[in-house]
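Please look through the sequence and the model shown below before reading on.

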Amino acid sequence: LVFVDAPNVLQPYDIDGMDNLKRAAAVRSGESLDRTIRGWYWLKSAAPEQVCGLETSVEFLASVLRDNGPFDGVLGFSQGKCGLMAAVLCAMLENRDSALDSGHPELKFAIIASGYKLDDSRWTYLYEQPLRTPSLHMYGVLDTMIHVSKSIDLRRAFAHSVELSTLGA
C-alpha cells in the first residue's frame with residue numbers, strides 16, 4: 001500500500017468554506033497555521049470553473065506510478081477531491097494521456113468516496129468516453145460538502161460501477 005498526499009501547498013484563501021479573511025489576515029500578520037494545508041488543485045474561478053495546480057498533481061502522480069508501481073487499484077477519499085483524482089487517474093491511464101507519462105498499465109479497480117467530475121473545460125475530455133475501470137462509488141446522501149448529484153454524475157461516467165450510499169455525510 002502506498003499513501004500519497006497532494007503536492008500543492010494551499011493558502012487558507014484557496015479553500016472554500018474557511019473563514020478566508022480571518023485566516024488570510026493571520027498569515028499576513030505572521031501567525032502560523034496549525035498545519036500545512038495541501039490540495040490536488042484549487043479554484044481560480046467558480047463560474048466558469050477554472051482550476052489551478054492540477055497539472056502539478058498529474059505530474060506528481062506519474063512519478064508515484066513510475067517509482068512505486070505497478071498498482072492494481074486506487075482509493076480516493078476525502079471531501080471529494082481525492083475521489084476526483086482517482087477518476088482522473090483512471091481516465092488518463094485508460095486513454096494513455098501524454099500528460100500522465102508513467103508507462104503504467106490501466107488500473108484493475110477504483111474505490112471512490114464522494115467523488116465528482118471536473119467542470120473545467122480543459123479537463124472535461126476525460127469523461128467523453130465511458131471509463132472502463134471497474135469502480136465502487138460511495139457517498140452520503142446528506143453530504144454537505146459534495147452534493148449527492150455530483151457523486152452520481154461521476155459514477156455514471158464509469159461503464160462498470162457499483163454504488164454504495166448511506167444517509168449520513
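**Basis of the model**

This is a predicted model, in which local features need pLDDT of at least 70 and side-chain atom pairs count only at pLDDT 80 or more, while totals for chains, interfaces and linings use all residues. Residues are numbered from 1 along each chain as its sequence is written, and side-chain values use heavy atoms, with hydrogens and water left out.

**Helix α2**

Helices (H or I, at least four residues) and strands (E, at least two) are DSSP runs, numbered from the N terminus.

The buried residues of α2 are L54, S57, V58, L61, A62, V64 and L65, where buried means under 20% relative accessible area, exposed over 50% and partly exposed in between (1.4 Å probe, protein chains only). These residues cover an arc of only 160 degrees around the axis (taken from the directions from the helix axis to the C-beta atoms), which puts them on the same side of α2. The face turned away from that buried side carries the exposed residues E59 and D67.

**An aromatic pair**

W40 and F60 form a tilted aromatic pair, 6.4 Å centre to centre with 45 degrees between the planes. Rings of Phe, Tyr and Trp (its six-membered ring) pair if their centres lie within 6.5 Å, and planes under 30 degrees apart count as stacked, over 60 as edge-to-face and the rest as tilted. W40 counts as buried at 6% relative accessibility, whereas F60 is partly exposed at 26%.
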